[in-house]
Amino acid sequence: MRILLAEDEVTIVVTLRDALEEAGHEVLHAPDTQHALAELERSAPDIVLTDIRMPGEGGMAVLRRSVELDPARPVIVMTGFATIDQAVEAMRAGAANYVQKPFRNEALVNMVATLSRVRRLEEENAALKAELRSREAFTGFVGASDAMRDVFDRIRMVAPTDATVLIEGESGTGKECVARALHQASTRAEGPFVALSCAALPETLLEAELFGHERGAFTDARREKRGRFELADGGTFFLDDIDDMPLAVQVKLLRVLQERSFERLGSEVTRKVNIRIVAATKIALRELVRAQKFREDLYYRINVVPISLPPLRERGGDVPLLVQHMLERHGEGKRFEISKPTMAALERYPWPGNVRELENAVQRAIALAGGAKELALGDLVPLDPRWRGATEVAGEVRPLREVLKELEAEHIRRALEKCAGHRSQTAELLGISRKVLWEKMRDLGIEGDKSEAPPGA
C-alpha cells in the first residue's frame with residue numbers, strides 16, 4: 001500500500017516509517033499540513049496516517065480533504081492529546097480509526113494490514129460485481145455470427161465509460177436491447193434506465209416529457225411534473241427514434257448534452273442532472289444532416305461512440321439459434337420442432353422486419369400449431385409471391401460446367417460474328433492464341449470458315 005504519513009515528530013516518523021516499510025508498504029512523509037494536502041493531490045495514497053496537531057491547519061484539515069478526494073480511503077488519526085469530543089469529531093468526519101500516542105508501532109502496522117485487506121476485498125468485490133453485470137447484460141442476446149460478435153465487443157468496451165452512444169440499425173434489430181445492455185454493464189446499473197421514443201409523441205408533448213413542467217405552465221398542467229431527464233438522474237437515458245425528433249426540440253437537447261442542465265417548462269430554475277445519453281436511429285443521421293432535417297452540431301454530440309446493428313439477413317447462422325431460443329421462450333414448456341427444409345427456408349427468407357418479425361412469426365406458428373409438434377412453413381413465413389423465390393427451391397439446378405460451356409460458346413460466336421468469321425482477328429479480340437481458339441471451337445462444336453485451315457496444318 002502507498003501510505004501518507006503526516007507527522008512532525010521526527011522520532012515517530014523514523015521508527016514508524018521503518019516498521020511500515022519492513023511490512024512491504026511505501027511511505028510518503030509530510031512534515032506539515034501544507035505538504036500533506038499537496039501529497040493527497042499528487043500521489044493519491046491508499047491510506048493516510050495523520051497527526052491531529054502539526055504545523056498548519058492540522059490533521060482534521062487533512063482528514064476532511066482526504067474524504068473529499070476519496071471517501072473510501074481509510075484515514076487513521078493520531079494524537080497525544082486525546083479527548084472523547086475530539087475522537088467523536090474525527091470519526092464523524094470520516095476517520096477509519098483513532099490512535100492515542102504513545103503507541104506500539106506493531107499495533108499500527110497490524111491496523112494498516114487489516115485496512116489493506118478490507119480495501120483489497122472491496123476492490124475484488126467491485127470487480128466481481130462488474131463482471132456479473134457484464135454477463136447479465138447479455139442475457140437476452142442470441143447470436144454467434146461475426147457481425148454480432150463485433151457488436152458484443154463494442155458494448156463490453158464502451159459500457160464502463162460515460163461516453164454518449166449512438167445505435168444505428170433497421171427497425172426490429174434490437175436497439176433498445178443494446179441500450180439496456182450498455183446500462184446493465186455500466187457503473188450506473190443500480191441507477192434508473194429511462195427510455196423515450198421520439199416518434200411516439202407530438203412536439204409539444206415531447207418537450208414536456210423531456211424537461212417536465214411546473215404547475216400552470218400550460219392549459220392542462222394542473223400539477224408539476226418531473227421530466228425524463230430528472231427521472232434518469234444517476235442512470236441512463238435512452239432516446240429511441242431520435243431521427244424523428246423535431247428541430248425545435250433538438251436545439252434544447254443540445255444544451256442538455258453540453259451542460260447537463262435544463263429548465264422545466266414554466267420555470268426559471270436551472271436543474272443539473274448526472275445522466276448518460278444513449279440514442280438510437282433507424283435512419284442514417286448523416287443523410288438527414290445533408291437534407292437539413294437534423295442538426296449537424298447535435299449529430300456530432302451524440303455520435304461519440306457509434307454502434308451499428310446488422311439486419312438479420314446479414315447475420316449468417318443466427319436464425320436457427322434465434323428460432324430455438326424463441327421456441328423455448330414462447331413454447332410454454334411444450335417441445336416444438338422445425339424440419340430441416342423449413343429451417344433452410346427460414347434462413348433464405350430476408351426478414352425485412354428483422355428479429356421482431358422472426359419472433360412474431362414463431363409466436364404465430366406456435367399459436368396455429370394446434371396439437372402438432374412440427375411448425376408449418378406457411379405459418380412461419382408469408383405466402384406472398386414476392387418472397388416465393390426466397391422460400392422455395394427451383395425444381396432444376398443444372399451443373400455449373402454445362403452453364404459455363406454454353407456461355408463460352410455463345411461468347412465465341414459473338415466474337416466471330418464481330419470479326420466476320422476471321423479467326424486470327426477473333427483470337428486477338430478474345431486475348432487467346434489462334435490455336436486455342438480453334439481447339440475451343442472444335443470442342444464446343446462451333447463451325448467456322450471451312451476454307452481457313454487450322455494452325456499447324
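This is a predicted model: local features need pLDDT of at least 70, side-chain atom pairs count only at pLDDT 80 or more; totals for chains, interfaces and linings use all residues.
**Briefing: backbone, pockets and surface**

Alanine 44 lies in the loop that runs between helix H2 (33-43) and strand S3 (47-51). In the backbone, alanine 44 has a phi near 50°, which is a positive value in a residue other than glycine.

**Backbone features**

- Most residues other than glycine have a negative phi, and most peptide bonds are trans.
- Alanine 44, with its positive phi near 50°, counts as partly exposed because its relative accessible area is 46%.
- Asparagine 354 is not a glycine either, yet has a positive phi of about 60°, and its place in the fold is in helix H15.
- With a relative accessible area of 0%, asparagine 354 is buried, whereas alanine 44, at 46%, is partly exposed.
- Lysine 101 and proline 102 are joined by a cis peptide bond, for which omega is about -5°.

**The largest pocket**

- The volume of the largest pocket is about 580 Å³, and its lining is made up of 24 residues.
- Of these lining residues, Gly172, Thr173, Gly174, Cys177 and Val355 lie nearest the centre of the largest pocket.
- Two or more residues of this lining come from each of helix H7 (175-184), helix H13 (318-330) and helix H15 (354-368).
- By class, the lining of the largest pocket holds nine nonpolar, six polar and nine charged residues.

**The second largest pocket**

- The second largest pocket contains about 190 Å³ of space.
- Its lining consists of Gln324, Leu327, Glu328, Gly331, Glu332, Gly333, Lys334, Arg335, Phe336 and Glu337.
- Sorted by class, the residues that line the second largest pocket are two nonpolar, three polar and five charged.

**Residues separated along the chain**

- Phenylalanine 141 is placed in the loop between H5 and helix H6 (146-158), and at 17% relative accessibility this residue counts as buried, because buried means under 20%.
- Between the C-alpha atoms of phenylalanine 141 and glycine 174 the separation is 9.0 Å, although the two residues are 33 residues apart along the chain; Gly174 is also among the residues nearest the centre of the largest pocket.
- Leucine 358 has its place in helix H15 and is buried, with a relative accessible area of 1%.
- The C-alpha atoms of leucine 358 and valine 381 are separated by 8.7 Å, while along the chain these residues are 23 residues apart.

**A nonpolar surface patch**

- Leu400, Val403, Leu404 and Leu407 together make a nonpolar surface patch of about 370 Å².
- Valine 403, one of the residues of this patch, is found in helix H18 (residues 400-418).
- The relative accessible area of valine 403 is 30%, which means that this residue is partly exposed.

Conventions: Residues are numbered from 1 along each chain as its sequence is written. Side-chain values use heavy atoms; hydrogens and water are left out. Patches are made of residues with over 30% relative accessible area and no salt bridge: like charges are joined within 9 Å, nonpolar side chains (Val, Leu, Ile, Met, Phe, Trp, Tyr) within 5 Å. Accessible areas come from the Shrake-Rupley method with a 1.4 Å probe; for residues, only the protein chains shown count as cover. A salt bridge is a side-chain nitrogen of Lys or Arg within 4 Å of a carboxyl oxygen of Asp or Glu. Helices (H or I, at least four residues) and strands (E, at least two) are DSSP runs, numbered from the N terminus. Buried means under 20% relative accessible area, exposed over 50%, partly exposed in between (1.4 Å probe, protein chains only). On a 1 Å grid over the protein atoms alone, a cavity is a set of points where a 1.4 Å probe fits but cannot get out, and a pocket is an open set with protein on both sides within 12 Å along at least five of seven lines; lining residues have an atom within 4 Å of a point. Grid points are joined across faces, edges and corners, and a volume is the space filled by probe spheres set on the points. Ala, Val, Leu, Ile, Met, Phe, Trp, Tyr, Cys and Pro count as nonpolar, Asp, Glu, Lys and Arg as charged, and the others, Gly among them, as polar.
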